[in-house]
Amino acid sequence: MARPSAASTPDSGRVSRRQFLGAAAGGAAGLGGILAAGRAPAVAQTKELTFLTIASFVPDTDKELKRQLDEWGAKNKVKVRLDIIAHLQLVTKKAAEVQARSGHDLTALGAGLGDADLYFDHLVDLNDVAADVAPKNGGWLNENDYLIRGKWKLLPWWMPPFPMAVRTDLLEQIGEKNPDTWEDWLRIGKKGKAIGHPLGIAIGQTGDANTTLLSILWSYGGSYVGKDGTTITINSKQTRQALDFVKRLYTEAMDPEVVAWDDASNNRCLNAGKCIAIHNPISAYESAKKDKITIPGKTREIAEVIDHVNTPKGPVDRRTTTGYWCVGIWNFSKNVELAKDFLRYHFQPENQAKWVEAGHGFNLPFLANLTKHPVYKSDKQYRFIPEVAKVTVPPSWPGPTTAASQQVLDLYIIPNMFAQHATGKMTADQAVAWAEKEMQEIYAGRRRKT
Amino acid sequence: MSSVPRWLRRSRPVFTLYMPTVPFVLFALFPLYFMFVTSFKTNAELYDVSSVPFWIGRGVTFGHYELLSKETFFWSWFVNSLMVSVAASAISVVLGVLAAYPLARLKFPGAESFGVAIFITYLVPPSLLFLPLSTVVNRLGLSDSLWALVVTYPTFLVPFCTWLLMGYFRTVPKEIEECAMLDGCNRLQTLIRILLPVAVPGVICAALFAFTLSWNEFLYALVFVSPAELKTLTVGVFSELIRGDIYYWGGLMAGACIGSFPIVIAYVFFLDYYVSGLTAGAVK
């Protein structure tokens, strides 16, 4: 008797073990083929330029950037996509895209120029774009700062300058005016603390702490790395003076909570009506204005009594830093030329002007003409921003930006050194010795890798 | 006969059961309550250090919910999270059942070490796995699609479901399966017709856990999906409502409140299964 075929049996809908194994093997082979080929199955081929950026501190900035990208895309018949993530997520996203060698064409980089060194082998040279952009905008502010290993691996995009934000009503109450030096702010902080309104400067593991404490270190003549980019210079008399000053600031003019602050804490402290002053960009003021926050117990809006003044001067210098937000093109992008073209478009003077306008001046480009943008005269709050920009340097100053200098920031060596001394856990000598050892190891480690 | 008055006997649970439980209930519900209250406060009140944080003192606002609905893709994120979580959970439970059954029932060389290997896989943290997985996702052409998550979530869900179900399957008497086999069932039929109906609490428990883990997942959703409208709830809310040094606390809390509903509802419906599924393995 002939064996019935599978099709003729009542169980023909069932899958036999052999069929199942065959199908599974086929599926696995297909998947393996895709993985081995290293590319996705062919789908509709359309040009699409993708741009990954961080959620701007002033939301209208993102809207203007999106408008420009859409406009450029429409003109060039290119599909465009702007993806926005929180700035704290950017590190993870960059690492994943580089690992996969796939992702966005254009990417925000930072905070800090160090990404140019960290991702040197994965970024497209932008020498040609940098050369096109500069003359139209009055030149770059400090061109040599942005060249990493002699190349433009990224374009410096925008910075939020760090003035002092101060409550004018409280300043009047304690009989102070026109503060300009760090010693002035210590005195004001002491008086403020006495009436329940301390100074608010983060000494924790946060970006604002890096910025402000480096500002103080420089203002006393200190630094952490020399011009050669290899000599660790943190062990100096000037560093010890800065440490002692911050200890006084911490114990006499601030609340202990500042060692646990994040970047949002000082904004909250000012807008909640507690802090007399903070060292911060204008974002606190902008959000106070937008949310119509009032002075506690009063009907008056707190934004009306906030003013911004120049970043403080120390015994030796007036200098500060900030987040250097940059933009670059991954060399695994399939649209390098399109990406460069969009950068040229975005950096046209009129587009830069609109973008700065949208950001209310928070996003100051590293281009000379943009420091004269009318927005900085439109509100007295913004008057010091161009002044602060003039004394803003990369965090590794006077040394060059390197992967090691970026690592010093990312590991918060500077805030930790100040915190150890300010809280009494270490003497100034011990704190300096600790920081010096950490930095030497970081720089030596990076040398070994290269 | 007991001399304890009836009213005292009746009220005994109040003292022995409910009152001792109250602190734990308050402790567990406080975050939800705080989220709920904060999501209805005005920004001015949120910034006011003199206001009492535990209730609303200056009037209710729906502004934060409006912000979520009108100025973000919140409801798209919600649906994305739901779709990804349901799909990843379903896939993981099916695979978990198929993996757990032989490991719990069959004897073959290396069965035990294979079970341990699955457990160890579960212990590898996603923060290490996301880098190699990003290469895999890219090569599969799944970047920037929800499929990237449906494919990657089972990498941590399957080991978990397998481990949990192995424990549960071992509590089911072998004899009922043997009876079924004597009656002519093969292994697969025994699994589907005999074991699974008995193991429903364990399967639901695994599904609930898988759903919760998927719903709360952050890192893979951040790394593998970029377009705003395709983000999941966890990433979308974080991306849009934390802008540098400005946190939109009201919006964040509103998002967290709505985001917690599916989990709460799922647990309310399946609580009994969940408890029995979790405890069954413990009293074998």
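Analyst: Domain bounds here come from an automatic or database domain assignment. For chain A that assignment gives domain 1 (48–160 + 322–390) and domain 2 (164–321 + 411–449). The model is predicted, and local features need pLDDT of at least 70, side-chain atom pairs count only at pLDDT 80 or more, while totals for chains, interfaces and linings use all residues. Residues are numbered from 1 along each chain as its sequence is written, and chains are lettered from A and ligands numbered from 1 in the order in which they are written.

Helices (H or I, at least four residues) and strands (E, at least two) are DSSP runs, numbered from the N terminus. Chain A has 19 helices and nine strands. Two strands pair if DSSP finds at least two bridges between them. In chain A, five strands form an open sheet with mixed pairing, in the order β2-β1-β3-β9-β4. Its edge strands, β2 (79–85) and β4 (155–158) of chain A, each pair on one side only. Neighbouring strands are turned against each other by 25° on average, direction ignored.

Strand β1 (residues 48–54) of chain A runs parallel to β2(A), and seven bridges join the two. Within this pair, Leu52(A) stands opposite Asp83(A) of β2(A). Helix α2 (residues 60–76) of chain A packs on the sheet and touches β1 and β2 of chain A; contact means that C-beta atoms, placed from the backbone, lie within 7 Å. The direction of helix α2 of chain A makes about 165° with that of β2(A). Axes are lines fitted to C-alpha atoms, for helices over the stretch in contact, and angles run from 0 to 180 degrees between N-to-C directions.

Key
Two residues are in contact if their C-beta atoms, placed from the backbone, lie within 7 Å.
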